[in-house]
Amino acid sequence: MADNLRALFSSNDPSAFDVAEAFTDRHSQWVLVATALEEHLRHIADRSFDVEDLEAPRRNLIVFHGVGGVGKSTLLRKIEAALTAAEHRPEQWGAPTWTDRVLPIRIDLSRAASTGSDFERVILTIRLALAGALDRTVPSFDVALRHYWEHVHPGEPLDEYVRRSGLAGRFANMLPGQLQAGVGEVAAALALPGLAGSAAGQLTSALVSALRERQERARALAGATRTAALLEATPDLEALSYYPHLLAWDLNQLPAKKRLTPVVLLDTFEDTADRHRDFERLLQRLIWLLPNVFFVIGGRSRLQWADPGLHGQLDWTGPAAWPGLAAVPSSLAVPQPRTTGPAVRQFLIGDLSPEDCETHLARRLVQDDQPLIGADIRASITARSHGLPLHLDLAVSRFLEIRRTGRTPTAADFDCSFPALLARTLSDLTPEERHLLRSVSLLDAFDLDLATRTAGLAQQAPARRLAERPLVTENPYALWPYHLHRAIRSAVRDDDHSDDRWTPAEWHRAATRALAALGDQWTNTAALAPSRMHLVACLRQGLRLARDHHLTGLGWLIEAAFVYTDDSVWEPLALPTPTAPVPDTPADAVAELLTAITRRQHEHRQRTADRLTAVLDTGLLPAELTEMALYYRAKAYKDLSQNDAARTGMQQVADTDGRLALKARRGLANLARLAGDFPTALAAIPTLGWKGRHHRVLGDIHWSHADTAQAVAAFEAGRAEAEQHNAVGERAMTQVRLALALSFADPGRAGDELALAHQLLDGLDQRSNTLLAQVVALVKDAGTDGATDRAQGLHADIEAAGLPFLHRFVELALAFHHAVRGEEQDLAATISRLSELTATGDFAYFTDIAHFMAALPLPGPSTTRWTKSDDDVRSAWRGLVQARQEHLLTGS
């Protein structure tokens, strides 16, 4: 309602639009409350229920916790309204199944300072609500309350205190009268009518005596077992906190027609926090001593009452006392509850879905039955809010504020965070936790060690406390289990209003610490057990930190970059788009380098070459990574069939004799093979070794000669070597080539090897090898129907990927297919296309092979230099065609 009034007073023409409460479903939370309340009602209606049993575990509560602004208070207000009258209950919630009378009582604890005296407000609020609902006394409790009041507030009438404290309501005037009537009932029961108007102390003494003497009328009216002991205790705040036991007894004695079940909703429970848990202890006592009252609690943090570590700080702790609040199953060493199966009673309030955000904003302000906030603005607010309802409400206020100036709001006006959101977040954090919050806002995710080191602290305790707050989400299965709520993280990073906000120098120092901590984590982990997942995660965070904060000292990032690229596994680094169009720091250049290398699996290779050229032109790359940029640009040129440029680049890298020199020499060997110079390629193999992928180079030479056995042996050796080095990317590449060699000679086994290739490629993001695997399938099925149509689709995919060298493989597969089927005209057309594709000289030997397959003479002298005689190669390829024809004829 407060938001509605703000909107109402934001314009001189409030009739221009309608302001509505836009409560978003929260159906699942209502189901939880309704189910728990129904269970509670069944429990207290059972004959075995004993309101004076102080040892039974308590399930008379449900807790909703979540980050500030997520909608807990709105939910509790809506639950209160839904329990008050059916017309206030959202239609989608459905009608409750119980028929018992319930009395909702919502208490906003944010109005109470964290001092024990405010416990009076809670007690009086509950009693005032009962005054109107029951219209009768609760004698045991009323006598004790009057006794307490006269002792603690001598000379101050209760009705005057109620008005002064802001508790006055439509039932405020009824309470003093009911208290007096309660005293009269007790006096009459004791046959001492003269005591009705006397001091409470005299009546209390008389009642205690009567109870001690077991007078039947006194026991019938105020006969809880512990009534006498409570009335004999000094009537102070401590005694008042035990009086709810008397109220529970009184409620249990109500006649059937008057019986009701109070539902107390304690909102903003986090405001009860104090160093010694004094107020929390009083409230816990209230809940424990009112087992026939149901409580709904809303707060920012989980209730820790099921934690045995709180023993001594609160009266009742551990999972045996509060089975529904336990975070994990209790140990067998802990006494179990006397009743069965603890139902969960504690729930995290999550963010709204994008659909719910849209609904909220569309319904919030309405003009002529249409949303006042446009769809583009709603989409912008939703994206920036990350589902946080407080952000939505602040955005609505900003919308009205801009509109009031006479300007029409635009979507760009809402690409911002709100100081009010951050102020609410910081309000209940200690200075140490505020420092930690800012530190971890630099990180996408973190663990306790990473948070502590980023903050520059010596102990992990503050990080552990922060991680327990609902503004931090935990995923125990993630590499780093914790991350900040994204809306809060944005607000922290954008903060320029808080008194203790950080300067740019402080942000820079924290980012430097975070980068160093990530590097140490990766280095230490890699030394024990190399983890690709950990490498990629550290790179993602480290590159972003280095780029966004212009950090120097990139040492570990350089080493990690080499490890990342070494095995050709291209997990996306997913860095945000840089604000500067051209890198202007070494960190920018490194981030752009790795992004370009990774993105080449999803971009045209010309785009990759252009990006790498731009990075090299900045001159900002460290020397080691300049070599990397040159190498991958040369690979892009090779894929683009710009082989002269590729040779120049590979030769530059080979001449530096750096970390990528062997790979560059392999590249030169492959370029020699592509040019048809097989002897040169073969001669380079002894110098390559594992790092130069010698077996793969040898296998490519052999299958090109139709020497299937030798090719398979080389590829199998390469696959085994890759497995020995745990190089999953190389293993997949070698497997695809093994399947390729077999696809011409043994389609049956090729199918099995191709299936394994697909399995090994899964998740590696190797686009060229994935497309090559489709070529393998085409070759494997050569001679069967449908090959031409499949080839056309494959050509389109290759063109989109910017990998023109693969067009030649598709045409070679078609040449094999047409040769097997004896389709002379189609084969001639295929050879013509191959001739055009290999006019530069690269892959020209594919045209020779196509002629060999069909036993056709070469149209002229060939530039190909085989490692065997031309006749041997011709015979081998023709033999593969004849073998496939026989296979198709016999079906074997």
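View 1. Arg434 is buried, with a relative accessible area of 18%. Buried means under 20% relative accessible area, exposed over 50%, and partly exposed in between (1.4 Å probe, protein chains only). Asp500 is partly exposed, at 30%. The two form a salt bridge, with their closest N and O atoms 2.8 Å apart. Asp500 lies in the loop between helix 21 and helix 22 and Arg434 in helix 18, so the pair ties together parts 66 residues apart in sequence. A salt bridge here is a side-chain nitrogen of Lys or Arg within 4 Å of a carboxyl oxygen of Asp or Glu.

This is a predicted model: local features need pLDDT of at least 70, side-chain atom pairs count only at pLDDT 80 or more, and totals for chains, interfaces and linings use all residues. Residues are numbered from 1 along each chain as its sequence is written, and side-chain values use heavy atoms, leaving out hydrogens and water.

**View 2. Arg489 and Asp444.** Their side chains meet in a salt bridge (3.0 Å, N to O). Arg489 lies in helix 21 and Asp444 in the loop between helix 18 and helix 19, so the pair ties together parts 45 residues apart in sequence. Arg489 is buried at 18% relative accessibility. Asp444 is partly exposed at 35%.

**View 3. Asp700 and Arg673.** These side chains meet in a salt bridge (3.6 Å, N to O). Asp700 lies in helix 31 and Arg673 in helix 29. Helices (H or I, at least four residues) are DSSP runs, numbered from the N terminus. Asp700 and Arg673 are both buried.

Terms used
Helices (H or I, at least four residues) and strands (E, at least two) are DSSP runs, numbered from the N terminus.
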